[in-house]
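Subject: A structure for you to look at

Hello,

Here is the structure I promised to pass on. Please open it alongside this email, and I will then walk you through what was found.

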Amino acid sequence: MDSFMKEFEHLKIPLEEIKEVTNNFSNKPIGSGGFGKVYQGELSHFKGKSLVAIKRLDRKFGQGDPEFWREIMMLSRYSHENLISLLGFCDEAGEKVIVYELASNGSLDCYLSSPDIMWEQRIKICLGAAQGLSYLHDDKGTQQRVIHRDVKSSNILMEGQSF
């Protein structure tokens with residue numbers, strides 16, 4: 001277990017810092033899902049300091065320790081321009097929190113019905129999502145294959161798009 005924790009030591013973020021930027025998790029969440037609520041904040045992490053998405057585990061949704069650690073292990077091993085990066089985590093005082101890079105333009109489902117998205121932009125979004133999934137599903141890569149199992153427009157996050 002010690003070698004396991006040592007591998008992820010650089011990803012640890014103190015709970016106090018997370019509580020400070022989320023106002024003790026009382027700020028309005030920017031989203032929620034099967035893991036719990038997601039908050040926005042500016043935090044220091046192993047890559048520097050930036051705006052981040054802070055996902056707080058809520059056990060009433062059926063997720064627990066195995067899912068928390070599985071997500072950290074998986075995301076720490078995968079890096080692709082079309083995947084959200086893991087920036088850190090917190091496992092203190094009964095709290096389990098995962099910190100990701102922030103996709104500043106939200107999720108695709110918020111844009112699908114917009115007449116402002118041209119077909120060229122729609123094709124680029126589809127290609128980006130397909131490239132990210134292809135990377136995860138590639139059995140010839142150095143990492144273990146991942147089957148996403150929850151591909152939907154609300155899980156496709158938009159970064160750098162202008163609409």
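Which residue in E3 is the bridge partner of Tyr39? The bridge partner is Ile54.

Before going on, a word on the ground rules. This is a predicted model, in which local features need pLDDT of at least 70 and side-chain atom pairs count only at pLDDT 80 or more, while totals for chains, interfaces and linings use all residues. Residues are numbered from 1 along each chain as its sequence is written, and side-chain values use heavy atoms, with hydrogens and water left out.

**The overall picture**

The chain has four helices and five strands (DSSP runs numbered from the N terminus, with H or I and at least four residues for helices, E and at least two for strands). Along the sequence they follow the pattern α-α-β-β-β-α-β-β-α. The radius of gyration is 16 Å, close to the 15 Å that the globule rule gives for 163 residues, so the chain is as compact as a globular protein of that length. That radius is taken over C-alpha atoms, and the globule rule is 2.2 Å times the number of residues to the power 0.38. Along the principal axes, the C-alpha atoms fill a box of roughly 50 × 40 × 35 Å.

Of the 163 residues, 35% are buried (under 20% relative accessible area; exposed is over 50% and partly exposed is in between, with a 1.4 Å probe and protein chains only). Taking contacts (heavy atoms within 4.5 Å) between residues at least 6 apart in sequence, 58% join residues at least 24 apart.

**The sheet**

The five strands form an open sheet in the order E1-E2-E3-E5-E4, with antiparallel pairing (two strands pair if DSSP finds at least two bridges between them). Strands E1 (31-32) and E4 (86-92) are at the edges with a single partner strand each, so one side of each is left without a neighbour in the sheet.

Moving through the pairs:
- E2 (residues 37-45) and E3 (residues 48-56) run antiparallel and are joined by eight bridges.
- E3 and E5 are also antiparallel, paired over five bridges; here Ala53 stands opposite Tyr100 in E5.
- E4 and E5 are antiparallel with six bridges. In E5, Val97 is the bridge partner of Cys90, and Ile98 is that of Phe89.

E4 and E5 make a hairpin with two residues between them, and Ala93 in the turn has a positive phi of about 50 degrees. Six of the seven residues of E5 are buried, so E5 is largely enclosed by the rest of the structure. E4 is likewise largely enclosed, because five of its seven residues are buried.

**Helices on the sheet**

Helix H2 (residues 15-22) lies across E2, E3, E4 and strand E5 (95-101), at about 120 degrees to E2. Helix H3 (residues 65-77) packs on the sheet as well, touching E3, E4 and E5, and its direction makes about 150 degrees with that of E4. These angles run from 0 to 180 degrees between N-to-C directions, using lines fitted to C-alpha atoms, for helices over the stretch in contact.

Val21 is a residue of H2 and counts as partly exposed, at 23% relative accessibility. Setting aside residues up to four places away in sequence, Val21 touches Asn27, Gln40, Gly41, Glu42, Leu43 and Ile54. Val21 and Tyr39 are 18 residues apart along the chain, and their C-alpha atoms are separated by 9.1 Å.

**The cores**

Which residues touch the most other members of the largest nonpolar core? Among its 16 residues, they are Phe68, Trp69, Ile72, Leu86, Phe89 and Ile98. A nonpolar core here is a set of buried Ala, Val, Leu, Ile, Met, Phe, Trp, Tyr and Cys residues joined through side-chain atoms within 4.5 Å. Helix H1 (2-8), H3, E4 and E5 each give two or more residues to this core, and H3 gives the most, with four.

Beyond its neighbours within four places in sequence, Phe68 is in contact with Phe35, Phe89, Cys90, Asp91, Lys96, Val97 and Ile98. There is also a second, separate core of twelve residues, including Ile13, Ile18, Leu43 and Val97.
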